[in-house]
Amino acid sequence: MVSGLPQMGLLGAVDEDEQAPRGNILKLWGNPQTMNLNTMIYTNIAQSPYFKANLVELKTYHEVIDEIYYKLTRKQLKGLLDHPDSPYIRALGFIYCIPPEDFWWWYSPYLSDSEELDVKAGGGCIMTIGNMLEHWLTKLDWFSTLFPRIPVPVQKKLEEKMRLRKCQALLEVGSVQEKESKRLSDRNRDGSHHKSGGHSHRHEKHR
């Protein structure tokens with residue numbers, strides 16, 4: 001080995017030991033203030049109420065980790081589920097670590113939600129919030145990713161509630177159709193009555 005030069009491997013690369021960073025301090029590349037974020041994104045983050053109220057005071061690694069594992073309150077989670085800005089923000093709320101026994105309480109009000117989002121990485125699979133939640137409640141996988149298994153008793157209750165919900169929906173559709181059919185029938189009958197009455201009146205006048 002030539003004095004003062006690192007030992008070269010077969011492909012001419014510097015040995016791994018020579019490439020390894022020295023010490024426990026990480027070197028930063030680029031702008032240490034913005035961390036190379038887009039200026040607009042950086043400004044939006046720095047000016048957000050959440051950053052100003054919560055994050056700006058965090059000074060240590062452990063404080064940041066604690067914030068990452070921060071547990072939402074019921075009110076905060078409900079705020080995510082109903083967030084008006086983006087269905088993807090709402091989806092983050094729905095994948096929050098809710099216990100399986102609470103799934104129905106949280107999910108059932110949204111099973112008819114018609115807001116759409118693209119749920120597949122790379123795009124190409126549009127579905128509604130409601131359909132997405134129904135899939136989560138009744139299927140074990142999500143695009144080849146297995147969900148944690150729901151306890152069998154809880155899964156059976158969820159399946160029964162889904163079945164009853166679909167039956168109720170069919171009954172409601174049938175009721176609406178029956179009312180609409182009756183309305184059309186009454187309108188046709190009234191129309192026939194008026195025509196018949198008008199014809200009789202003209203007949204009497206002619207006589």
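**Group meeting: a helix pair and a buried glutamine**

Let's start with contacts across the chain. Take the contacts in the protein with a separation of 6 or more: residues 24 or more positions apart account for 36% of them. Keep in mind that this is a predicted model.

Now the overall layout. The secondary structure comes to nine helices and four strands. Read along the sequence, the pattern is α-α-α-α-α-α-α-β-β-α-β-β-α. The protein has 207 residues, and 16% of them count as buried.

First stop: helix 5 and helix 6. Helix 5 covers residues 74-81, and helix 6 covers residues 87-94. Their axes are 7 Å apart. The packing angle is about 140°. Roughly antiparallel would need an angle over 145 degrees. Helix 5 and helix 6 are therefore oblique to each other.

Who touches whom? From helix 5, we have Leu77, Leu80 and Leu81. They meet Ile89, Arg90, Gly93 and Phe94 in helix 6. By class, this contact has five nonpolar residues, one polar and one charged. Arg is the type that counts as charged, and Gly counts as polar.

Second stop: glutamine 155. Find this residue in helix 9, which spans residues 152-206. Is glutamine 155 buried or exposed? Its relative accessible area is 13%, so glutamine 155 is buried. The cut-off for buried is under 20%.

What does the side chain of glutamine 155 reach? It reaches the backbone oxygen of leucine 137, at 3.1 Å. That falls under the polar-contact limit, which is within 3.5 Å for a pair of N or O atoms. Leave aside the neighbours within four places in sequence, and glutamine 155 is in contact with Leu137, Thr138 and Ile150.

Now look at the partner. Leucine 137 is found in helix 8, residues 129-138. Its relative accessible area is 1%, so leucine 137 is buried as well. Leucine 137 and glutamine 155 are 18 residues apart along the chain. Their C-alpha atoms are separated by 8.1 Å.

What else is leucine 137 in contact with, leaving aside neighbours within four places in sequence? The list holds Phe103, Trp104, Tyr107, Leu111, Gln155, Leu158 and Met162.

To recap on screen: helix 5 and helix 6 pack at about 140°. Then go to glutamine 155, and follow its side chain to the backbone oxygen of leucine 137.

Key: Residues are numbered from 1 along each chain as its sequence is written. This is a predicted model: local features need pLDDT of at least 70, side-chain atom pairs count only at pLDDT 80 or more; totals for chains, interfaces and linings use all residues. Side-chain values use heavy atoms; hydrogens and water are left out. Axes are lines fitted to C-alpha atoms, for helices over the stretch in contact, and angles run from 0 to 180 degrees between N-to-C directions. Helices (H or I, at least four residues) and strands (E, at least two) are DSSP runs, numbered from the N terminus. Angles under 35 degrees count as roughly parallel, over 145 as roughly antiparallel, 65 to 115 as roughly perpendicular and the rest as oblique. Contact means heavy atoms within 4.5 Å. Buried means under 20% relative accessible area, exposed over 50%, partly exposed in between (1.4 Å probe, protein chains only). A polar contact is a pair of N or O atoms within 3.5 Å; within protein, one must be able to donate a hydrogen and the other to accept it, and residues adjacent in sequence count only if both atoms are side-chain atoms.
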